[in-house]
Amino acid sequence: MIDRIRLTAAAKIQLSTLKRKTGIEHYNSICRHALCISLANPSMPPEEDFNFTSGIEIDWRTFTGGHEGLYLNLILMRIIQDGGKVDIENVKKFCALHLHRGLSLMVGQRGCDFLAEV
C-alpha cells in the first residue's frame with residue numbers, strides 16, 4: 001500500500017537534530033517513534049502542503065522495521081477514528097501528517113527526554 005515514506009527538508013533537519021541529541025543511529029527508528037507519538041495525540045494534525053524537494057525518502061519496510069501490518073493498521077485505525085475515507089491517498093496523507101507532527105513534537109525537550117530513555 002505504501003512503498004516509500006517521504007519527508008521534507010525541514011523534517012530531515014529535525015531528524016538530524018534528534019539523532020545528535022539522542023544518539024539513536026537510524027532515522028527509521030526515530031520516525032517510528034514520531035509516528036506513534038502523533039497517533040497517540042487525540043487532536044488532528046494541521047493540514048499541510050508538503051514540499052518534498054531536498055527531503056529524504058525511507059523505504060516502507062525499513063521504516064516499519066518488519067512490522068508493516070502493525071503500522072498500516074495503526075494508521076487505518078486513526079483514519080477511521082477521525083472519520084476519514086480509507087483509501088491509498090488518505091493513508092499516505094495521514095502518515096505524512098502524523099509523521100511530520102511527531103517529529104516536530106519530538107524536537108521539543110519532552111520528546112528528546114522520552115527517546116533518551118528508550
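**View 1. Strands E1 and E2 pair in this predicted model.** The two strands, residues 4-7 and 56-59, run antiparallel. 4 bridges join E1 to E2. E1 has two faces: Ile-5 and Leu-7 lie on the covered one, Arg-4 and Arg-6 on the uncovered one.

View 2. In one of the contacts, the side chains of Asp-59 and Arg-4 meet at 3.8 Å, N to O. Asp-59 has 30% relative accessibility, so it counts as partly exposed. Arg-4 is also partly exposed, at 41%.

**View 3. Glu-47 and Lys-93 form a salt bridge.** The N to O distance is 3.1 Å. Glu-47 sits in the loop between H2 and E2, and Lys-93 sits in helix H5, residues 88-107. They are 46 residues apart. Glu-47 counts as exposed because its relative accessibility is 55%. Lys-93, at 33%, counts as partly exposed.

**View 4. Asp-82 forms a salt bridge with Arg-78.** Their closest N and O atoms are 2.7 Å apart. Arg-78 has a relative accessible area of 3%, so it is buried. Asp-82 is partly exposed, at 27%. The structure holds 6 salt bridges.

**View 5. Helix H2 spans residues 27-40.** Its 14 residues reach 20 Å from first C-alpha to last, close to the 20 Å expected at 1.5 Å a residue. Buried residues in H2 include Ile-30, Cys-31, Ala-34, Leu-35 and Leu-39. Arg-32 is buried too.

How values were computed. Residues numbered from 1 in each chain as written. Predicted model: local features only at pLDDT ≥ 70, side-chain atom pairs only at ≥ 80, totals over all residues. Heavy atoms only, no water. Buried < 20%, exposed > 50% of the residue type's maximum accessible area, 1.4 Å probe, protein only. Pairing = 2+ DSSP bridges. Expected span 1.5 Å × (residues − 1). Salt bridge = Lys/Arg side-chain N within 4 Å of Asp/Glu carboxyl O.
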